[in-house]
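Dear colleague,

Please find the structure below, together with a short account of what was found in it. I would be grateful if you read the two side by side.

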Amino acid sequence: MSITQLRPDIRYVGVNDRTTNLFESLWTLPHAVSYNSYLVVGEKIALIDTVEEHFTSRLLSNIRHEIGDRNIDYIIVNHMEPDHSSSIAALSRIYPDLKVVGNMQTIRMLEGYYGITENTVTVKEGDTIDLGNGKVLSFYLTPMVHWPETMVTWCEDDKTLFAGDAFGSFGALDGGISDKHLKFADYENEMRRYYAAIVGKYGPQVQKALAKVNTLAPEMICSTHGPVWENSVAEVIDIYDRMSRYEAENGVVIAYGSMYGNTEQMAEEIARGLAEEGVENILVYNLATTDPSVVLRDVFRYNSLIVGSPTYNAELFPPVAHFLNALAMRGIKQRHFAAFGSFTWANSATKALKEFAEKMKWEPVVPVQEMKQGYSEEKCAAPAREIAHAIAEKLKA
């Protein structure tokens with residue numbers, strides 16, 4: 001059986017994108033990304049999600065490789081974001097009799113994005129489409145995971161969940177399609193980063209979606225990005241469950257900005273103090289040079305966060321402000337939190353960091369520390385070690 005035949009009647013027809021540098025023009029793609037699309041073949045044929053329009057011709061080639069000149073009867077739209085839907089208009093011209101299937105929100109977006117108003121089928125929670133030969137697709141709404149129209153498609157006969165963006169991952173598919181041929185460990189960090197960047201704001205909605213998924217008990221999960229999960233179904237559901245509940249494991253993220261290296265030295269001193277206290281899983285990030293999604297990923301994963309920022313134009317240093325705004329947007333629950341602000345003549349950073357903690361309803365483990373002008377061991381070692389010791393005690397507790 002070809003590697004693209006996930007089951008005899010389920011075929012992978014997606015593509016890899018190794019040219020785009022920024023996903024959503026925001027998030028770096030060091031390992032590229034895939035756009036996944038699937039065929040379910042019965043007496044009739046359904047295409048589940050499509051690919052970004054730059055790859056429409058490749059999608060069409062993949063479809064014809066799997067089904068030859070047979071027609072597609074349905075396109076199932078689990079998610080309308082253009083990296084999955086922008087080939088629909090072209091496919092509607094190539095297969096003029098096909099019907100586009102989505103929920104009420106999807107149908108409205110089809111008109112708004114592509115002017116499609118005909119040959120559509122509106123489905124509700126639990127509705128089904130019978131493709132024949134035992135292939136029945138049913139639909140479950142998962143609003144705000146991570147758009148209002150998102151849904152999942154279930155094929156009971158194959159115990160397969162077509163999950164839209166849920167359980168997705170950054171990273172192209174290097175040879176294999178599923179985790180039978182790809183290592184879960186190679187994609188875990190990129191799945192966590194994908195969740196933190198794309199889905200992380202919607203933890204309560206993910207919990208509601210997981211309740212439906214767990215009832216179905218899938219044996220294969222087909223997302224729209226990253227590997228198909230077969231061997232690792234339990235692991236990916238568990239990661240989504242813990243991340244959407246903001247559950248964290250022991251570890252410390254130190255995220256800082258520094259214009260001339262003084263704030264950076266303070267961050268390094270804190271990291272050294274944590275290590276001497278016996279803390280493991282210490283990650284130090286310069287926010288001016290690190291993709292925020294990497295830092296967000298690890299704040300989701302670990303239970304302690306230390307932030308340092310210089311004052312810049314009477315505000316937080318812009319990369320720090322951007323990161324904290326992204327963090328607040330995702331509504332992450334309590335973390336062991338500490339912070340330090342540096343300044344030359346106006347101590348605005350310390351005040352802003354205090355306000356951030358209040359906004360998040362996080363109680364700092366020690367008062368926000370101040371560092372005036374240049375770093376020196378004489379004036380900075382003690383507050384750095386105070387932060388390190390307080391965090392270490394929280395982790396031991």
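A residue is called buried when its relative accessible area is under 20%, exposed when over 50%, and partly exposed in between (1.4 Å probe, protein chains only). Phe167 and Tyr240 are both buried.

The model is a predicted one, in which local features need pLDDT of at least 70, side-chain atom pairs count only at pLDDT 80 or more, and totals for chains, interfaces and linings use all residues. Residues are numbered from 1 along each chain as its sequence is written, and side-chain values use heavy atoms, with hydrogens and water left out.

The structure holds 16 aromatic pairs. Rings of Phe, Tyr and Trp (its six-membered ring) pair if their centres lie within 6.5 Å; planes under 30 degrees apart count as stacked, over 60 as edge-to-face and the rest as tilted. Phe167 and Tyr240 form a tilted pair, with 4.7 Å centre to centre and 45 degrees between the planes. Tyr195 and Phe300 form an edge-to-face pair, at 5.7 Å and 85 degrees. Tyr195 lies in helix H5 and Phe300 in helix H9 (residues 292-301), so this pair ties together parts that are 105 residues apart in sequence. Helices (H or I, at least four residues) and strands (E, at least two) are DSSP runs, numbered from the N terminus. Tyr195 is buried, with a relative accessible area of 0%, and Phe300 counts as buried at 1%. Ring pairs link Phe167, Tyr195, Tyr240, Tyr246 and Phe300 into a cluster.

Yours sincerely
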